[in-house]
Structure formats: C-alpha cells, structure tokens
Amino acid sequence: MREVEYVILSQGCAMAYSKPIGKILLEDMAKMNPVILPGVPRVFEAVMEGVDRKMRRTGGITLKLYNFFVRVAILHSRMHRKMFRQNFMPKQEVTPLWWILFLIPWTLLFPLKALGDAIIFKKIRAMLGKNFRAGIAGGGSYPKNVDEWFWALGVEVVEGYGLTETAPIVSVRHITRPVFGCIGEPLYGINARIVDMEGNDVGKGKKGVLQIKGGTVMKGYYKRPELTAKAIDSDGWLDTGDLAIIGVGGELKILGRVKDTIVLRGGENVEPVPLEVKLEESVYIQTAVVVGQDQRNLGALILPNKEELEIWAKQNNVAFESFEDLLANEEVYKFMDSIVRDIISAKNGFRAFERIPRFALLSKPFEVGRELSAKQELMRYKISELYAKELKAVFKE
C-alpha cells in the first residue's frame, strides 16, 4: 500500500483513511467521495457485508427484492462473461458455443437486471460516493463471491498482485477491460513465467511456480547472499513461491502458495511453523498443520495423540467404539478446542489474527509420499488437495 500512497501523492491527489468496518467505511465514502479505493480484500468484503447488513435490517419487501435482483445479476453476469470472453481462460474456448447456450436466457434476464439496477443497485453504488471509479484489492487473494457481487452490481473492483521483492506491484487487472478470476497481465517491463518443480518453463495453461523478472525485482536480500541465491537464479528470475497459471491472453491467476507463509484476506502474514510447533507440545496433539491461505482467519488439521486421548476419554466417561468414533464426539472437540485456544493465545505471545477458531480432527497419521516428502517434510500444497473436504468444513462461514 505504500507504493500506492506514493503514486497518489505524486499525482497531487488527496488521501483519506477509514476502517474495514462496513458501517464506518460506507459513511466515510459517502462523505469523502473517493475516486479510487485501494485496500486489502477484507475492505471490499466489509463493504459487501455492510450493504447486506443494511438490507437485512430494512427487511420486508426491500430485502426480498435485493436478494432476488442480486441473484439475477450474478447469473446474468456469469453468462455475459462466458459470451464476451471476460473470464480467465487457461485454454482456448469455443466462444460461439456459449452464445448458442446462453443467448435466450441472457436476453430474458437483461430487463430484470436493468430493473434491479434502477431500483436497487443504483442506490448501492451511491453509497460509495459520487466520484467512485474503481477499487483495487491487493495484499491477499480477492474472494470470488465478493468479486462476483461487485461485478454484478456494476462496481469495478480489480485485483492486484505483488511482493516486497518486486517493489512490489507485478500485475493488476485492467479497469477498462477486466478479466474475471485473475490478477491481470504483468506491468510494462515485467516478465512472468511458470516453471515446474525442476525449474523448466511449462508455458501457458499449465500449473506451476510463478517466477518474475524485470527492473522492479530486488538485487538481493541485505547481506544474505545464500538466501538471494535461492530466490533469484543466474538469469535474474525471482522465485515467488506462488503456484500460478498463465491464461491464453497472458493474464496471471494465482492458485496457492508453495512457500509456508500464509497470507490472510486482511493481508496479515502468518508463519505456520511456530504455531504448529507450539501445538505439538501438547501431549494430546501428535501432528498439527496450520492452514488459512486467503481465508479470514486461520484453521488447522489436527491429528490427536491416540493413546493420550483415549485415556482422557475413559477418565471422563466418554464412550466410544473406535478412534474415529471418539473423534466424532462433540465433547472431544470441545476438549481439543480448549487446548488449542489455551496454547495459541496472547499469554504465549501470539497475536489476535494467529488464533485458530476452528479445526478438523484427523484419525490417520501422515505418510511419506502422500502428505510427507522423503525428508519427512509437510507438502502443504498436497495437504490442501487431499483434505479439501475437511478444510471446506473448517472455513465454512
């Protein structure tokens, strides 16, 4: 955000600061009439939640109309993006096919969307101020549901991407010709490529590690030549540690992280290892994996110590037939939750955004070749895939 501030000041513009709380932010925007709103994804999520909350409080026919027209607008926008090639495409699609499928429903929904715009969406846009042009989300992944909501309401919010090591902006979705679901093309003078784990360029349409090259890439880490050598190769390519893919139009889409660092929606960076080490100090926790990339808060996958937990269950008269049956018991979850909350707390030096409000209990130890590498190291990107169902439940809002 500091670079954004420099750009704003260099253009002789004024800046106003607010809080990522729906009510406060909307009131400030109505007073200040901003043209551009840069912020972490949580800011835009707060705007959406602020509008939703206001509609729920109003209730009655207004709430019903709002919900109806939002659903109509989102559905129409989805079809529109398919028909007019406004979605991120990892591979070439046959556009005429979407016209054949969607032309009639797209046409029928258009008057309803226009009516919703006239009686609902126009008033919502007015909440953002008289001069609002676009929002720029950066510092974390921009949630798809928030992206769709703004898109459907006719409010332009684009997603940007960058690293401290790249000074920091790499790419930003175009305001005038946005492509949904991506972070846009690299800025002028910046090159991007996708490589596999061996460092081979895989080209467009394939998942791999994003590397960046250009004048904005740092020269190296201060007095850390060994760390610099790991991050930047001899040709000047910086390894971002992010999994990504390049679409047919040259746009980038971030898919996750190879590095351990977790970035929450609010832009907070969390190193999971210290939390995991602390959790595993408990006699009741055998393995802990802290997760939360692009989420509001952290979560965890926890493998309890089978022997210790069964002893606790017997001492507390908690009946069970198997370990899996024990883990499904609500009393066990409450007990483990008390342990997690006691360990990851302010008294142990952890910050508020490092708390773990929800987690999933696992019954089977991790295996080499599945969750673990040959060096017994966690393969976090694989864990996210293998335990997608459990993680969905952990981050269910």
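A crossing of two helices is called left-handed if the near helix is turned anticlockwise from the far one by less than a right angle, and right-handed if clockwise. The crossing of α4 and α5 is left-handed; helices here are DSSP runs of H or I with at least four residues, and strands are E runs of at least two, numbered from the N terminus. This is a predicted model, in which local features need pLDDT of at least 70 and side-chain atom pairs count only at pLDDT 80 or more, while totals for chains, interfaces and linings use all residues. Residues are numbered from 1 along each chain as its sequence is written, and side-chain values use heavy atoms, with hydrogens and water left out.

Back to that pair: α4 (residues 60–83) and α5 (residues 95–126) pack at about 145 degrees, with their axes 7 Å apart. Axes are lines fitted to C-alpha atoms, for helices over the stretch in contact, and angles run from 0 to 180 degrees between N-to-C directions.

Next comes α3. Just after α3, glycine 59 takes a positive phi of about 65 degrees.

As for strands, three of them make an open, mixed sheet in the order β11-β12-β13, where pairing takes at least two DSSP bridges between two strands. β11 (285–291) and β13 (358–361) are at the edges with a single partner strand each, so one side of each has no neighbour in the sheet. β11 pairs with β12 (residues 299–304) in the antiparallel sense over six bridges, and isoleucine 285 stands opposite proline 304 in β12.
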